Amino acid sequence: IKEERNMRIENSPRARLYEQFNAAAFAGSSLGYPVIGSAQDIESLELDDLAGWYKRWYAPNNATLIVVGDVDVADVVKQVEKHFGSIAASRIEVAQDDEARPATTLATEIEMYANTASPFLILGFVTPGFDRLDQVADAYALDLLEGILDGGNSARFSRLLLRGDEAVAIAASASYDPFEPIQGLFILEGIPRKGVSLARLQKELLAQIDRLKREPVHASELDRVKAQVVAGRVYGQDSMFYGAMQIGMRDSAGLDWRLNNDYVENINQVSAKDIQRV
């Protein structure tokens, strides 16, 4: 476990920055803690701690089993009972700190100095979980907003920040998961061109957000991004593994797995005004 943390976190300036970033974005919440734990946490662990954790959480009543494909349901149930039926359930008590915690309203800045080839910028905006949105349409509008900014070579970041004489970045991206159950983040990332400061890159990234607030997305652009997003979702269903992952992720997060079936319809209903609002 120590070596895994060394490889994934300690030896990666970007990963170390993200660890601090998440801690600031979700201060006071378990969402702000690294999944693998801190170096100090790992150092203090005893074997009994690990065994107790495993016994408590790795239990049938805390698991989701997904089976996809052309199967005989009765045979699947028989196999599940054979392999898992004898495993005892455990008592699961989940801390409620995230349930009552409001979204952060304070802007926070973090600077980290490390030996890297290029400077790196992260901007994050805390978003409500899917079940806590004022309007469910907001999740799909934010998903399309990601595509408008970072949906390939024709997206705004690529056209306006990465190419041409006025280019300010060698990399710029946006990311958002619409189905986070408690809270999530809409994230912008960027690596500036040589001679461009992080402050300048931050200004240009935020300028793209401000433009979306002021100017409705043109119908042709919105239609193109919708087609891209829908195509990505539909082609992803060619993979049985991906389909199972999507079902499992929704169910494990306490969301209705049938959200996957309504995704395309909900994306197609998003308007330019929805993009502006979110």
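# Working through helix H10 and its neighbours

Let's start with the packing: the buried residues of H10 sit against H7, helix H8 (156–162), helix H11 (240–252), helix H12 (259–268) and helix H13 (272–277). Here contact means heavy atoms within 4.5 Å, and buried means under 20% relative accessible area, with exposed over 50% and partly exposed in between (1.4 Å probe, protein chains only). Helices (H or I, at least four residues) and strands (E, at least two) are DSSP runs, numbered from the N terminus.

A word on the model: it is predicted, so local features need pLDDT of at least 70 and side-chain atom pairs count only at pLDDT 80 or more, while totals for chains, interfaces and linings use all residues. Residues are numbered from 1 along each chain as its sequence is written, and side-chain values use heavy atoms, leaving out hydrogens and water.

**Exercise 1. Check the span of H10, then work out where its buried residues lie around the axis.**

Step 1: H10 covers residues 219–236, which is 18 residues.

Step 2: list the buried ones: Glu 221, Leu 222, Val 225, Lys 226, Val 229, Val 230, Arg 233 and Gly 236.

Step 3: recall that an α-helix has 3.6 residues a turn, so residues three or four places apart point the same way.

Step 4: looking down the axis of H10, the buried set falls within an arc of 155 degrees, so these residues line one face. That arc is taken from the directions from the helix axis to the C-beta atoms.

**Exercise 2. How do H7 and H10 pack, and which residues meet?**

Step 1: the angle is about 105 degrees and the axes are 9 Å apart.

Step 2: classify it. Under 35 degrees counts as roughly parallel, over 145 as roughly antiparallel, 65 to 115 as roughly perpendicular and the rest as oblique. H7 and H10 are therefore roughly perpendicular.

Step 3: from H7, Leu 144, Gly 147 and Ile 148 meet Glu 221, Leu 222, Val 225, Lys 226 and Val 229 of H10.

**Exercise 3. Now do the H10 and H12 pair.**

Step 1: their axes come within 10 Å and cross at roughly 170 degrees.

Step 2: that makes H10 roughly antiparallel to H12.

Step 3: on the H10 side, Lys 226, Val 229, Val 230, Arg 233 and Val 234 meet Asn 260, Tyr 263, Val 264, Ile 267 and Asn 268 of H12.

Definitions and conventions: The expected span of a helix is 1.5 Å times one less than its number of residues. Axes are lines fitted to C-alpha atoms, for helices over the stretch in contact, and angles run from 0 to 180 degrees between N-to-C directions.
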